Amino acid sequence: MSTASTQRDTVSTHDGTLQITQQPVQVAKRLEKFKTTIFTQMSMLAIKHGAINLGQGFPNFDGPDFVKEAAIQAIKDGKNQYARGYGVPDFNNALAARFKKDTGLVIDPEKEVTVTSGCTEAIAATMLGLINPGDEVILFAPFYDSYEATLSMAGAKIKCITLRPPDFAVPIDELKSAILKNTRAILINTPHNPTGKMFTSEELNTIASLCIENDVLVFMDEVYDKLAFEMDHISMASLPGMYERTVTMNSLGKTFSLTGWKIGWAIAPPHLTWGVRQAHSFLTFATSTPMQWAATVALRAPDSYFEELKRDYMAKKAILVQGLKDVGFKVFPSSGTYFVVVDHTPFGLENDIAFCEYLIKEVGVVAIPTSVFYLNPEDGKNLVRFTFCKDEETLRSAVERMKEKLKKK
């Protein structure tokens, strides 16, 4: 017999404001605290108010034709039934080849690669397959919202290390103190959403040494690895002694502007892959077959594709960053991803939620409040995130709206 509880939820009212309301819900206790995602909320308000959406991180332009044509051909060729649970063989081979090119590591595509429905499922399968109830997992805040939710599903205990502006450097002494005997894993996202930070070689090597010393696993979210602008991306699995204790997670969507395809993967040694695959088989079993065939073509794209991608995004970033500075924001450095974090306090609003409401309703531009990316929302109340994965005309239009209507107080 189910029982109804009451949950505080953030909802849009008839006038477009965000208010906390009491709603009767029927939900497992481990998920009671989680609301409709901030991305859904802000995108709905963007539509309601005709605002330019620089909040949710999806491109407003399409992926490359050669990849889309490969998907169409795969469908025409009858590749439309269930794929093998852990991936179409050709795609697994392409992933292993890409991983060797990126990291220098030779892996077994049959035993160490698992294809998932986006990186979000790779994250969930990793947490559910490798974390036991009561295990402690360390996150770096701010963090992608699915991390906390999936760890809660796994029954993990979450410990947060906060990265603070302006450079969001890892507080190494705090991290050392946080690793205890029941610490099972550290989850790292680099390049980092939402800040745009890239973990440095020194930081990664120090974390690697701590993990080896304390027998801790590392879960690496590398979905923005091809959007590294100011330094080379380093994969933790490539560091000495780390492949055996690392799960590397990635996806197609960010690199090929095909976020709706939801093609992701997890790469790990067999003793970790077994757990990932066990969870994956009961989450989704298999991922879209024709899209895997098309993704195989994508991963075999020439280096020129990735070079052009980076040049294009650097140009978009320059437009937005300079525009935000001209408007009056304090803009923090972004070395990777397609996000920029700014301090909104020069404009006099009490917190990030209030500022983003004002920005949508009165200015006509959407940003994401970052407090939702922290265990302690107060840590993010002064920061908001903008994205530049939009065409240049859209970015310029958003900047002009802010220059015209957003005034310092």
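Biologist: What is the mean pLDDT of the protein, and what percentage of its residues reach 70 or more?

Modeller: The mean pLDDT (the predictor's confidence in each residue, from 0 to 100) is 93 for the protein, and 94% of its residues reach 70 or more. This is a predicted model, in which local features need pLDDT of at least 70, side-chain atom pairs count only at pLDDT 80 or more, and totals for chains, interfaces and linings use all residues. Residues are numbered from 1 along each chain as its sequence is written, and side-chain values use heavy atoms, with hydrogens and water left out.

Biologist: Where does pLDDT stay under 50?

Modeller: Where pLDDT is low, the predicted coordinates should not be read in detail. Here pLDDT stays under 50 over residues 1-17, for which the model has 55 contacts beyond four places in sequence, a contact being heavy atoms within 4.5 Å.

Biologist: How many cavities of 30 Å³ or more are there?

Modeller: On a 1 Å grid over the protein atoms alone, a cavity is a set of points where a 1.4 Å probe fits but cannot get out, a pocket is an open set with protein on both sides within 12 Å along at least five of seven lines, and lining residues have an atom within 4 Å of a point. Grid points are joined across faces, edges and corners, and a volume is the space filled by probe spheres set on the points. By this rule there are two cavities of 30 Å³ or more, and the largest cavity has a volume of about 110 Å³. Among the 13 residues that line the largest cavity, Phe-99, Asp-102, Asp-225, Asn-250 and Trp-265 are the closest to its centre.

Biologist: Which element gives the most to the lining of the largest cavity?

Modeller: Helices (H or I, at least four residues) and strands (E, at least two) are DSSP runs, numbered from the N terminus. H3 gives the most to the lining of the largest cavity, with five residues.

Biologist: What is the volume of the second largest cavity?

Modeller: The second largest cavity has a volume of about 40 Å³, and strand S7 (residues 183-189) gives the most to its lining, with three residues.

Biologist: Which residues lie nearest the centre of the second largest pocket?

Modeller: The second largest pocket, with a volume of about 590 Å³, is lined by 24 residues, of which Lys-101, Asp-102, Lys-226, Asp-303 and Phe-306 lie nearest its centre. H3 gives the most to the lining of this second largest pocket, with six residues.
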